[in-house]
Amino acid sequence: DTVSVIGLGYIGLPTAAAFAAALKRVIGIDVTASIVDTINRGEIHIIEPELDTAVRAAVSGGFLRASLRPEAADAFLIAVPTPFKNDHEPDLSYIEAAAKSLAPVLRKGDLVVLESTSPVGATEQLAAWLAAARPDLSFPQDAGEQADVNIAYCPERVLPGHVMRELIENDRVIGGMTARCSQRACELYKSFVRGECIVTNARTAEMCKLTENAFRDVNIAFANELSIICDKLGINVWDLVGLANRHPRVNILQPGPGVGGHCIAVDPWFIVDSAPDEARLIRTAREVNNGKPGWVINKIDEAIAQAKADGKQHEDLTIAVFGLAFKPDIDDLRESPALDIAVKLAGRHPGRVLAVEPHISVLPAKLDSSKLILVDLPTASAQADIAVLLVDHKPFKDHSLPSHMKIIDTKGIWT
Ligand code: SAJ
């Protein structure tokens, strides 16, 4: 069996490596030549534990090779980005481009699976694009179980930082456009998935992925709102959450500086876009979480005002932010509320703004012009007047700051 994985990013590349480890012949397709070259050398362009060894083994064993243009295969997996366009509207243009590029090599009997996080109806739209490009083949929307080409939706649900393990262990939700499509997709995933493959229809599978991330977003919004209320009422929110969670049916998540990453802060909007009048709680949760970095900046401004009232000059105040990643113990800065806060601070504070991020050694090039100075933990601890804890990385948890320092702790490890 040959499997073609279209889009070799955070999901496509680990998935390609997992199929290769299960001894499938895998052709990885990507539009970026440097990514194709890197993978063909047995190297990787993204950071994810254990992915490097998996890709090296897959390429050197001859099971994985990358190419710029789709080639004939028995199964095609589409794992391309689905960003926003305009005001939180899902942009399916990468899926459309993938469909148009694979259509010419599609053969009778092939299976096409969409993995990209998608709004409800995207799989049907993909099928329509394929059918328009290949009038000589029949597709499930017209031919049902007799279709030449089978089409299914199967979302990825892996946690960044644990992708290689979760790819294999997690259950998979498989939504075929017909029962046969689901069965074909199940057989394919079972080659490496040890979790259960659970069958549903394509629309339910699409909504399932969005629902999982919206559920988490709403629950984090509850915690974030609680933290703002507690701050106003003089209550330690982490103590409160710990106490409330002693109740057998209460399980509150942890407040923080906001919600980052490329999934939880994005996917709920796909639901809101599909049902704008009905998705009231889901929309509000997004607004609460998106508003949290601004609230943190206000707390910093209050600390600055206090220091000035105590006789300090504004430009003499050194602020240190601890953590830039979007969550603890990873180096991923994408859509990070911590980075957002640090950059905004550096842009407006007349004094020095130091940043400690144990997982990176240089700031991304686009931040070069900002006033943010990357330093180590002891330097920041020694020099800061105001400390802002933004990510609960392990090295911060074992650290204590001088008692005179003003601390704004968004993760509850220093307060
Ligand atoms: N966060 C909090 N408080 C918490 C938990 C998380 O503030 O109690 C914040 C994190 O700091 C981070 C953001 O939420 O900024 C998201 O982190 P996360 O660990 O909850 O999730 P992601 O974005 O790394 O991965 C999620 C996962 N989805 C769910 O847990 C429902 C993962 O399984 C999905 O595969 C992934 O999104 C995805 O690709 O959609």
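**Reading the sheets, helices and ligand shell**

Author: Strand E14 (residues 386-389) and E15 run parallel and are joined by 4 bridges. Two strands pair if DSSP finds at least two bridges between them. Helices (H or I, at least four residues) and strands (E, at least two) are DSSP runs, numbered from the N terminus. This is a predicted model, in which local features need pLDDT of at least 70 and side-chain atom pairs count only at pLDDT 80 or more, while totals for chains, interfaces and linings use all residues. Residues are numbered from 1 along each chain as its sequence is written.

Reader: Which residue in E15 stands opposite Ile 386?

Author: Lys 406 stands opposite Ile 386.

Reader: In what order do the strands of that open sheet lie?

Author: The order of its 5 strands is E13-E12-E11-E14-E15, with parallel pairing. Strand E13 (372-374) and strand E15 (406-409) stand at the edges with a single partner strand each, so one side of each has no neighbour in the sheet. From one strand to the next, the twist averages 25 degrees.

Reader: Which helix lies across E11, E14 and E15?

Author: Helix H12 (residues 280-309) lies across strand E11 (319-322), E14 and E15, and runs at about 170 degrees to E15. Axes are lines fitted to C-alpha atoms, for helices over the stretch in contact, and angles run from 0 to 180 degrees between N-to-C directions. Contact between two residues means that their C-beta atoms, placed from the backbone, lie within 7 Å.

Reader: How is the open sheet of 8 strands arranged?

Author: Its order is E3-E2-E1-E4-E7-E8-E9-E10, and the pairing is mixed. Strand E3 (64-67) and strand E10 (197-201) are the edge strands, each pairing on one side only. Within this sheet, strand E7 (residues 111-114) and strand E8 (residues 150-153) pair in the parallel sense over 4 bridges. Leu 114 has Tyr 153 in E8 as its bridge partner.

Reader: Which strands does helix H8 lie across?

Author: Helix H8 (residues 179-189) lies across strand E4 (75-78), E7, E8, strand E9 (172-176) and E10, at about 145 degrees to E9. H9 also packs on the sheet, where it touches E8, E9 and E10, and its direction makes about 145 degrees with that of E9.

Reader: What describes two packed helices?

Author: Two packed helices are described by the angle between their axes and the distance between the axes. The axes of helix H9 (residues 202-233) and helix H10 (residues 237-244) come within 9 Å and cross at roughly 125 degrees. H9 and H10 are therefore oblique to each other; angles under 35 degrees count as roughly parallel, over 145 as roughly antiparallel, 65 to 115 as roughly perpendicular and the rest as oblique.

Reader: Which residues meet where H9 and H10 are in contact?

Author: Ala 223, Leu 226, Ser 227 and Cys 230 in H9 meet Val 237, Leu 240 and Val 241 in H10. By class, this contact has 6 nonpolar, 1 polar and no charged residues. Ala, Val, Leu, Ile, Met, Phe, Trp, Tyr, Cys and Pro count as nonpolar, Asp, Glu, Lys and Arg as charged, and the others, Gly among them, as polar.

Reader: Which residues come nearest to the ligand?

Author: Leu 253, Gln 254, Gly 256, Gly 261 and Cys 263 come nearest, of the 20 residues around the ligand. A residue is near a molecule or strand if its C-beta atom, placed from the backbone, lies within 6 Å of it. The shell around the ligand divides into 9 nonpolar, 6 polar and 5 charged residues.
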